[in-house]
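Visitor: Could you guide me through this structure, one question at a time?

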Amino acid sequence: MADLFSILSSGAASLGAQRAAAATASNNLENANTPGYARQVAVLTETDPSQTIGNVSIGSGASVQTVQQVRDRFIEAQIPAAYGQASRSSVAADALESVHALDPAATGGLGDAISGFYDAFRQLSQNAGDPSLREQALAAAASLAQSFQATRGGIETARSGLDAQLSADVNEVNTQAATVAQLNGEVRAAQASGAQPNDLLDARQNAVDRLAQLTGATPVASQNGDVQLCLAGGAALVSGDHAATLSALPDPSNDGHLALQIAEPGGAPTALVAAGGELGGVLDARDGAPKGGVTAVDQLAFDLGNAVNSAHEAGFGLDGVSGRPLFDVGSGPAGAAAQIAVSSAVAGNPSALAAASSAAAVPGDGANALALVGTETTALSGGLDAASTLSQITSQFGAATQSARTVADHDSAMKDQLDQLRQSASGVSIDDELIQMQQ
């Protein structure tokens with residue numbers, strides 16, 4: 001038969017268990033607005049019977065078995081992929097929408113420069129000997145070259161801005177990966193001692209979530225309590241308490257824009273085959289539609305410059321000289337929009353504009369100026385004239401931007417839904433916790 005001391009001891013232990021449950025509810029309330037906090041539950045268990053009266057076993061109260069987090073494994077398994085895809089598509093859409101160099105509604109852009117160029121030579125064809133019209137035509141040619149340079153430069157500036165974002169993301173990835181590796185060791189040590197390190201688990205989950213957003217990394221739990229992280233191409237970002245290191249270095253084959261590399265601890269850097277999350281979105285945007293826009297604008301500058309040069313070289317300037325090009329465009333399309341300029345044979349010399357069709361017709365003949373105007377409707381390498389080619393470039397870029405935004409909105413909605421499901425499963429309900437404390 002139990003004595004008074006054992007009864008009091010049993011009561012004290014049971015009160016301690018209830019106090020622990022109340023403290024857990026209180027801790028939940030205090031962290032109701034803490035980002036990444038998962039609701040905790042004190043698991044109580046009945047203490048083994050300690051006495052028998054006749055054929056009856058009398059229990060000896062309750063004790064706290066553990067304090068565990070509340071997480072839905074099915075929901076948690078879906079979140080990394082959703083985070084990675086939503087971040088990737090959102091970053092790509094935002095980046096494309098920030099490129100204004102190919103905005104067809106912008107005034108003073110390449111389209112206006114092409115129109116202004118042909119308008120100036122159309123006027124020159126009507127009075128080829130007028131010095132002021134010659135100056136205006138030469139200025140229009142210089143303006144067209146500068147507009148090509150500005151358009152290409154605007155796109156490349158946007159791509160360089162994405163390089164800066166890529167570099168910043170790489171630094172954050174390295175920091176977060178090192179954090180996960182360190183927390184793996186701390187969690188493992190705590191669990192080996194019999195503790196349930198919920199605060200460490202929350203901190204690690206926050207870092208894992210952020211890495212999913214940054215890289216699209218997939219977490220894989222191990223039997224010893226570690227979380228391994230693998231990138232899209234299969235490279236290990238975190239393994240146990242070791243983290244790989246990402247770097248971003250200039251790539252000569254891509255105009256010096258940054259390329260990603262990964263190095264295992266103690267290993268040499270190798271090219272990162274694939275990247276998801278924000279890193280993937282930056283690369284998608286930088287090397288997708290904007291890069292295609294640069295290539296297309298280069299081709300347009302090369303084609304138009306050569307078409308104009310062919311017509312100009314056939315005419316004669318006021319000095320009776322023929323065969324002078326109007327533009328320098330380089331030997332090939334690559335980089336043509338960046339280097340196009342009024343040729344040195346004509347620059348600063350309006351008299352050198354070949355408006356006449358023959359030396360004998362100088363100065364009043366504007367037949368060759370009219371032939372220059374005729375290149376406005378000349379089909380270029382893509383089968384369209386200059387204005388139509390530019391319209392095609394801008395419309396294709398606009399379509400790519402709109403498509404990226406549609407995908408981003410869809411991915412964001414999927415992510416938000418999973419966030420709500422996670423919050424429903426793991427978030428803190430103030431009403432529920434108050435009821436728990438009252439119980």
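Visitor: Which strands does helix 4 lie across, and at about what angle does helix 4 run to strand 7?

Guide: This is a predicted model, in which local features need pLDDT of at least 70 and side-chain atom pairs count only at pLDDT 80 or more, while totals for chains, interfaces and linings use all residues. Residues are numbered from 1 along each chain as its sequence is written, and side-chain values use heavy atoms, with hydrogens and water left out. Helices (H or I, at least four residues) and strands (E, at least two) are DSSP runs numbered from the N terminus, and angles run from 0 to 180 degrees between N-to-C directions of axes, which are lines fitted to C-alpha atoms, for helices over the stretch in contact. Helix 4, residues 131-192, lies across strand 6 (227-230), strand 7 and strand 8, and its angle to strand 7 is about 30°.

Visitor: Which strands stand at the edges of the sheet?

Guide: Four strands form an open, antiparallel sheet in the order 5-6-7-8, where two strands pair if DSSP finds at least two bridges between them. Each edge strand has a single partner strand, so one side of each is left without a neighbour in the sheet, and these are strand 5 (218-221) and strand 8 (242-243).

Visitor: Which residues touch the most other members of the largest nonpolar core?

Guide: A nonpolar core is a set of buried Ala, Val, Leu, Ile, Met, Phe, Trp, Tyr and Cys residues joined through side-chain atoms within 4.5 Å, and buried means under 20% relative accessible area, with a 1.4 Å probe and protein chains only. The largest core has 82 residues, and its largest share, 16 residues, comes from helix 4. The members that touch the most others are Phe 148 and Phe 327.

Visitor: Are helix 7 and helix 10 roughly parallel or antiparallel to each other?

Guide: Helix 7 (residues 289-313) and helix 10 (residues 386-426) pack with their axes 10 Å apart, at an angle of about 180°. Angles over 145 degrees count as roughly antiparallel, and those under 35 as roughly parallel. Helix 7 and helix 10 are therefore roughly antiparallel.

Visitor: Is Ala 93 buried or exposed, and which residues is Ala 93 in contact with, leaving aside neighbours within four places in sequence?

Guide: Ala 93 lies in helix 2, residues 73-97, and because its relative accessibility is 0%, Ala 93 counts as buried. Ala 93 and Thr 401 are 308 residues apart in sequence, yet 6.3 Å apart in space, C-alpha to C-alpha. With contact meaning heavy atoms within 4.5 Å, and leaving aside neighbours within four places in sequence, Ala 93 is in contact with Ala 404, Arg 405 and Ala 408.

Terms used. Buried means under 20% relative accessible area, exposed over 50%, partly exposed in between (1.4 Å probe, protein chains only). Angles under 35 degrees count as roughly parallel, over 145 as roughly antiparallel, 65 to 115 as roughly perpendicular and the rest as oblique.
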